[in-house]
Amino acid sequence: MPPPTRSPGVPAAVLRAGYQRDKAAVLGTLLTPGASTRGIRSLLRRLAQLADRLLCRLWAQAGLPDTGAALVAVGGYGRAQLFPASDVDVLVLLPQAAPAGTAAAVEAFIGSCWDAGLEVGASVRTLCDCLLESAADITVQTALLEARLLCGDAALFAQLQASHAAQMDVRAFLRAKTLEMRQRHLRQENTPYALEPNCKESPGGLRDLQLILWLARAAGLGTRWHDLAASGLATAFEVRQIERNEALLFLVRARLHALAGRREDRLLFDLQTSVAEVFGYRSTAPDGRRLPMRASEALMRRYYWAAKAVSQLTQILLLGIEERLAPARAPVRPINARFLDRGGLLEVASDTLYQKQPRAILETFLLHQTTPGLQGLSVRTLRALYNARHAMDARFRSDPANRATFLAILRQPSGITRALRLMNQTSVLGRYLWVFRRIVGQMQHDLFHVYTVDQHTLMVVRNVRRFFLPEHAHEFPTCSQLAAGWDQPWLLYVAALFHDIAKGRGGDHSKLGALEARRFCRQHGIAAADAALIEFLVREHLTMSQVAQKQDLADPRVIAAFAARVGNERRLTALYLLTVADIRGTGPRVWSAWKGKLLEDLYRLTLRVLGGAAPDPAAEVEARKREALILLALHAMPAEAHQRLWDTLDLSYFMRHSAPDIAWHARHLSRHAGAARPVVRARRSLAGEGLEVLIYTPDRPDLFARICGYFDRAGFSILDARVHTSRDGHALDTFQVVARDHPGPYRELAPLVEDGLLRALASDAPLPPPRARRLSRRARSFPIAPRVELRPDAQGARWLLSITAGDRAGLLYGVARVLSRHGVSVHLAKVSTLGERVEDSFLVEGAGLQDPSRRMALESELLEALIEED
């Protein structure tokens, strides 16, 4: 056979211009706001056809039709679906004896594809190569499964298809693809509800749907969704639901590509609003009014609902395929007249059980909890639940038997978290608790929640549940100890279910949620005292966190006011458990050991007041001094060595520090009392996280700002600052800090901090300006309007300064510089970082704060410092 002869053909630049023009014409309607999903399949097919025509033309120009080779589309392109920025994946299938010059012609062909504007992913193999690669690599085996001939030798392509099918081990393929899916889900956070989901790879994404079609094709059950209905694997209703949600995912992915101008399958924060507006969603009404839901929130909620449906349906179909391929039927054991145990899976005895007996719907989850050996729901049960959603109507929700069953689920000694999650996955929870349905897929743009509201809620239930399980006692020993003495765990589960139930409605979600909780308790016949506790917990679920992280716990009036608000020990314990579970459920970056210590301190201080111990600051100080003296004696301190230091300190110092802290200070400062040179000591924080840094130095106006500047430059974040000025004019300050980028042990950092901070305190140079810092991508996408509030404290002697802003490194230093310029001194600083939002509180004083105009100037400068960014 003579070598291939390449014809001159049309210049690449002309082909490129024509292809881009035709592609732009096809994509013309893609970004039309509000366009429906109806034409998306046609659009993807037309993009594939454009590529088909160009490839075949370039194939001919390269002289490859004379070689006996075949050009084959594989991957998504093989399905005749091409997204705007996707690669064009092709296989050049060569005969075993290709003519001389074929390799050069193939190389020229691939080069011409790029020259003509096609981003090809090309592999060049013989038939034997394909079969060997397919046997060794599941990705190649999958790609060949949906190969499509574009041009070239049809007989060679048919031989490839036949050989590939003969080599296919369907059960092994099923096992491999199922494992691959699980690994892919783990890489994508293992949830459809990620805040920046990958619409292709995430659970509930397009890849899950493609998986079902790959398995169906390999098993000979069909190549299209309607084939699955014809083979009995899916119902006609399920096929319609799949096609509807698949079209939405197609449209989301195509618009992502078009808006990003690249292959981007993630719904990034930067792109969510743009994609939402193309879908026709708006954040504001035409008259400028702020709508209750952002455009991006509306889009993401629609996406999450689609992803959830895809997850449900693919689970049903995957289990169905596994059953078809199983070598033998699983053993069956009757549980009662309505349900069976089929090989460890709960199965309905009849496909129409739920339509005929709707009460059996909730019984499903109660049996799943209480029947030993059950590992999940069978495909028959999942399908019956999916098709019974319309049976869960208002009458179903008001049925006393269903209400009793739901309470029974919550009151079981085990399986509560699994039952509620399974109910949410199958859409039963939102159908029964109609108010819960409103938070399914609801995003929270507050920069610290990393879950949708429904997922956060179930995470909080899980966290509460773990307090009652002995195997988790090591995580939060205090919570587990308190839970061990709690008699009705289910009350806390109900409170956790309802604590955020009114998110996204506008207004105070705590108060609105308390009304919903009251209604639930009344409908379910919950006793008045228990109902009052649940309502209290929902209404006050933010209070304990706010008091602990923003107010001075050394002030007896703060503790007394909180104790009066809580009322009794039972409410206090319940609120403490719910608060810890709630903070832990917002995201992995929100909880910290320091927050845990603040909450525990507030709990114990309040418990003493509720127990009848009236706050007596003088007695408390004497008790702390006695305990500190015992600790000093253990370190062989001379009997009176501490006295010179303590004589310079007033009541507020001893009230703000624990006995171990007071003893630590005395050990290191007693011989330096009144010294002119600064003293710095650092140790690992007793809270178990970060460093505690002690600073003793003659006071100066810019001291707080200079210390904050050092920590900022050294890469530390300040969690808490307690500033005290002694009677002889010395500052005795303690800072709780954590290293932003230091994974190693903190004991290595202590000497570095001591040395670096001493040098910073010795400097008299002007305070340098804050370094420009870039906000995180998420903070830029969902900006928080900075807020500054300055008000007198209860006695009018000092001022309470509250600051809210998006977090960034150096922010506290910028605030401290402004306070220094205005001659404002800081007595207490509480830094509360909630993900990427900070809520800082300061107790300050300054002669100029009594002047309204100077206060206004201070607030204006603080706002400017909060919004500085590059």
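**Close-up 1. Strands β9 and β10 run side by side in this predicted model.** Look for R683, which stands opposite E692 in β10. The two strands, with β9 covering residues 679–684, pair in the antiparallel sense over six bridges. Six residues lie between the strands of this hairpin, and among them you can find G688, which takes a positive phi near 95°.

**Close-up 2. Strand β10 also pairs with β12.** Here the pairing with β12 (residues 730–739) is antiparallel and spans eight bridges.

**Close-up 3. Four strands form an open sheet in the order β5-β6-β7-β8.** Strands of a sheet pair through backbone hydrogen bonds, either parallel or antiparallel. The pairing in this sheet is mixed. At the edges stand β5 (332–334) and β8 (376–377), each with a single partner strand, so one side of each has no neighbour in the sheet. β5 meets β6 (residues 339–342) in the antiparallel sense over three bridges, and R333 stands opposite D341 in β6.

**Close-up 4. Helices α35 and α38 cross each other.** The axes of α35 (residues 703–713) and α38 (residues 811–821) come within 8 Å and cross at roughly 160°. That makes α35 roughly antiparallel to α38. Their crossing is left-handed. From α35, F704, A705, C708, G709 and D712 meet L812, Y813, A816, R817 and S820 in α38. The residues of this contact divide into six nonpolar, two polar and two charged.

Definitions and conventions. Residues are numbered from 1 along each chain as its sequence is written. This is a predicted model: local features need pLDDT of at least 70, side-chain atom pairs count only at pLDDT 80 or more; totals for chains, interfaces and linings use all residues. Side-chain values use heavy atoms; hydrogens and water are left out. Axes are lines fitted to C-alpha atoms, for helices over the stretch in contact, and angles run from 0 to 180 degrees between N-to-C directions. Angles under 35 degrees count as roughly parallel, over 145 as roughly antiparallel, 65 to 115 as roughly perpendicular and the rest as oblique. A crossing is left-handed if the near helix is turned anticlockwise from the far one by less than a right angle, and right-handed if clockwise. Contact means heavy atoms within 4.5 Å. Ala, Val, Leu, Ile, Met, Phe, Trp, Tyr, Cys and Pro count as nonpolar, Asp, Glu, Lys and Arg as charged, and the others, Gly among them, as polar. Two strands pair if DSSP finds at least two bridges between them.
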